[in-house]
Every structure is written in C-alpha cells, then in structure tokens.
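Hi,

Here is the structure we talked about. My notes follow below it.

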Amino acid sequence: MKARVTVTLKSGILDPQGKAIEGALKSLGVDGVASVRQGKVFDIELSGSDKAKAEQALKAAADKLLANTVIENYRVELL
Amino acid sequence: MKSAVLVFPGINRERDMARALKLASGREAAMVWHAETALPEGTDLVVVPGGFSYGDYLRCGAIAARAPIMDAVRDFAANGGLVLGVCNGFQILCESGLLPGVLMRNARLKFVCRDVHMRVERSDTPFTRGYNAGQVIRVPVAHGEGNYEADEETLKRLEGEGRVLYRYCSPKGVVDEASNFNGAAHSIAGIINERGNVLGMMPHPENHVEDIMGCTDGRGLFAGLVAHLEEAA
C-alpha cells in the first residue's frame, strides 16, 4: 500500500526559505505568484492491506518524527 | 563534576566540549554513544554537544532526539540532573521535548560563523552563577538554524519566569535588532526548562575557554557548574 504524508508549516510561522523561493520565482518572471510556503512530502510504502491500521501507523509516524507539531501540520493520504 | 558528553553520528564539537569540561573540573568527561541506553553511574552533568547530527536530515536534531540514549537523558533530567545543550545540542533538546520551542532557519538565511555578544540575564542559576547579571560575554556561533521561535504564550512564560538566561546584544549590552543576527524571538540565545536544570543555547562557550582561543569568556559557565555541583555535594 502506498501512502503520502505532507508536512507544511503552520500559518503564522515565518518561512524564510519560502520567502527566498518566492523572490526567485518573481525574479524569473513567473507571473501571478502571490506567496510561497515550502514543506515536505514523504512517500511511504506500507506492508499489509488494512487501511485503518495504515492510517494509524502513518499518524504515529508523523506525530513521533516526520512533523514537529510545534510549528508544522501534516496530512496523511492513502494512495 | 562527572560529566557525560553524548556522541551522535555527525556531531563535531564533542571533543571541544570534553576539553572545556576537563579544564573546568579536572576530570575527564565520559563520551556516551547514542545507542547506549544508560548514562555512566554518578553522572552530574549531561552535555549534548554541537555539530550536525545525522547531517541535519529531516529537521536539525530531529533524529538524534529519538536516539536510545535520550530516554536515559529524559529520566536524568526528570530527576533534577543538569543537562546542557549547545548549538545542535539545543536543537536536539527542543526536538526531544526537554525544552519548548524550535530553532528555525536564520532569518537572513545565512550560516553565521563568528563571535557574537550575549548578555547574561541573571546569575542565580547553575548555568550562569559564574557571571554577574547584566554581564556581556563574547562567544562564537556557527549555525544556520538558530532562530529561536515559540508561540506567544510560551514566550510570555519564558520571560515571566525568567527563563531566558542569555540574549544576543551589542558589545555594550544593548539588546537590539542589529545584534539579533539570526532573528531569534526576543533575541533569545539560551533558555532553561521550567525546573531550571536544562539549558539550551546556540553559542559555543566551550570554544572560548583558553587564552590560545583569544578569549576566555566561556569559562564562567563551566566554572559555575563546577561550583554548583561542589556546593550540592
């Protein structure tokens, strides 16, 4: 089973990397970019086929390691 | 003072730290590998040194914070043991939940490697008793992610409870925007936990302890810890 965990910065948290990327996009002349926030994507392969169990495991992974919930939110998707 | 210096893959300041600890206490520090599950018997002080544990993968300090030895460090701290985290060590302590907040990318996105000044905010803690309150000391920094951030409520608590021990300042001791080179909230360079036995700081006091280093302003921190432990013994 394939899954994806997306980790993003909470709103209100300063994101200097996102700001730098935003600046670079603007200087490249990419039209219509209002703002950029950067984050992380984890593609995870799971053994087993129980969806509920998988979701639980992914949430545990995100809470324990993949995200720092002080500053980040995460989203779990089974693909 | 029996100190234990934790060693993670990718750490590179552990020997500087061990040298400073020996200079201050006259005792060799124990080097403790991350995969260990216990600290040496009779440890008085645990030090989490600087460097780039696990290549800063995922987030600075995130993987080291989940190493087996960290459970022993959490127990040690819960029993009132003294813990000092410097640079990557500060990041590891935040990631492990021993200290609140997080160290974010420096506000101007640059890795900063130079001497900075910081003001000692109070002198009545084991980590600052070697200094006078208000004293300005010069110490080196070397980090790309030292911008301390926490939510408003946490910052309010840190300030209200006097838990900011070190703050970036000008050479004259003025805390201002210009001296806050990494953009840290409230110019925070170092904080303690609620109980006052865990300190995390970004600058490297261990690199200013001998004349040959050009400055000995870092000595006070280690001398203070030794004095505290001798008094407690």
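**The sheet in chain B**

Nine strands form an open sheet of mixed pairing in chain B, in the order E2-E1-E3-E4-E11-E10-E9-E6-E7. (Helices, H or I of at least four residues, and strands, E of at least two, are DSSP runs numbered from the N terminus; two strands pair if DSSP finds at least two bridges between them.) Strands E2 (30–33) and E7 (136–143) of chain B each have a single partner strand, so they stand at the edges with one side lacking a neighbour in the sheet. On average, neighbouring strands are turned by 25° against each other, direction ignored. (Axes are lines fitted to C-alpha atoms, for helices over the stretch in contact; angles run from 0 to 180 degrees between N-to-C directions.)

This is a predicted model: local features need pLDDT of at least 70, side-chain atom pairs count only at pLDDT 80 or more, and totals for chains, interfaces and linings use all residues. Residues are numbered from 1 along each chain as its sequence is written, while chains are lettered from A and ligands numbered from 1 in the order written.

E7(B) pairs with strand E6 (residues 112–120) of chain B, antiparallel, over eight bridges. Val116(B) has Val139(B) as its bridge partner there.

E2(B) pairs with E1(B), parallel, over four bridges. Val5(B) stands opposite Met31(B). With H1(B), these strands make a right-handed β-α-β unit (strands pointing away from the viewer, the path from the first strand over the helix to the second runs clockwise).

**Between the chains**

The contact takes eight residues from chain A and 10 residues from chain B (C-beta atoms, placed from the backbone, within 7 Å). Helix H1 (residues 16–27) of chain A gives the largest share of chain A's side, three residues.

Best wishes

How values were computed: Two residues are in contact if their C-beta atoms, placed from the backbone, lie within 7 Å.
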